[in-house]
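Please look over the model below with these notes beside it.

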Amino acid sequence: MWEGDFSGPMITFIKNAPQESLLLMVTHDDGSSRLKDDAKKVIAELGSKEIWNMKFRSSWAFIAAKGFKLPDDIQKEKINHSDNSKNRYNGWPAEIQIEGCIPVNLI
């Protein structure tokens, strides 16, 4: 996203993803300003709660299911905001990890 606006191609990719697809999304510098509202809306429709809360240099990870439902007990989204008093990497927030298993029989 840093090098330009790729919101349109991202929307096209999400809309054209086949049913029963697992979609993994991440940002790291900078989805807060480069990702347009129409793309954020499409991502929110997949179930993201944090897409509207991104700030400059936020790290964000999201896993979504298209055409099936993920179990409620797995973590689907995580966000770390850049905070100069807490950043691990000289102005950059720490990495994000989402752990868990997605049963193959959901699809």
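1. Start at one end of the pairing: His28 has Ser59 of β2 as its bridge partner. Toward the other end of β2, Ser21 is bridged to Lys66. Met25 has Phe62 as its partner in β2. In total, eight bridges join β1 to β2 (residues 59–66), and the two strands run antiparallel. Strands here are DSSP runs of E with at least two residues, helices are runs of H or I with at least four, and both are numbered from the N terminus. Two strands count as paired if DSSP finds at least two bridges between them.

2. This is a predicted model: local features need pLDDT of at least 70, side-chain atom pairs count only at pLDDT 80 or more, and totals for chains, interfaces and linings use all residues. Residues are numbered from 1 along each chain as its sequence is written, and side-chain values use heavy atoms, with hydrogens and water left out.

3. β2 also pairs with β3, antiparallel, over four bridges. Ala61 stands opposite Lys78 of β3.

4. Which faces are covered? In β2, eight of eight residues are buried. Ser59, Ala61, Ile63 and Ala65 point one way, and Trp60, Phe62, Ala64 and Lys66 point the other. β1 has a covered face of Ser21, Leu23, Met25 and Thr27, and an uncovered face of Leu22, Leu24, Val26 and His28. Buried means under 20% relative accessible area, exposed over 50%, and partly exposed in between (1.4 Å probe, protein chains only).

5. The largest pocket holds about 160 Å³ of space. β2 gives the most to its lining, with four residues. Among the lining residues are Phe62, Ile63, Ala64 and Ala65, along with Lys69, Lys76 and Glu77. By class, the lining has six nonpolar, one polar and four charged residues. A pocket is an open set of points on a 1 Å grid over the protein atoms alone, where a 1.4 Å probe fits, with protein on both sides within 12 Å along at least five of seven lines; lining residues have an atom within 4 Å of a point. The volume is the space filled by probe spheres set on the points. Asp, Glu, Lys and Arg count as charged, Ala, Val, Leu, Ile, Met, Phe, Trp, Tyr, Cys and Pro as nonpolar, and the others, Gly among them, as polar.

6. Two loop residues deserve a look. Glu20, in the loop between α1 and β1, has a positive phi of about 70° although it is not a glycine. Glu20 is partly exposed, at 46% relative accessible area. Arg57, in the loop between α3 (37–45) and β2, has a positive phi of about 65° and is not a glycine either. Arg57 is partly exposed, at 23% relative accessibility.
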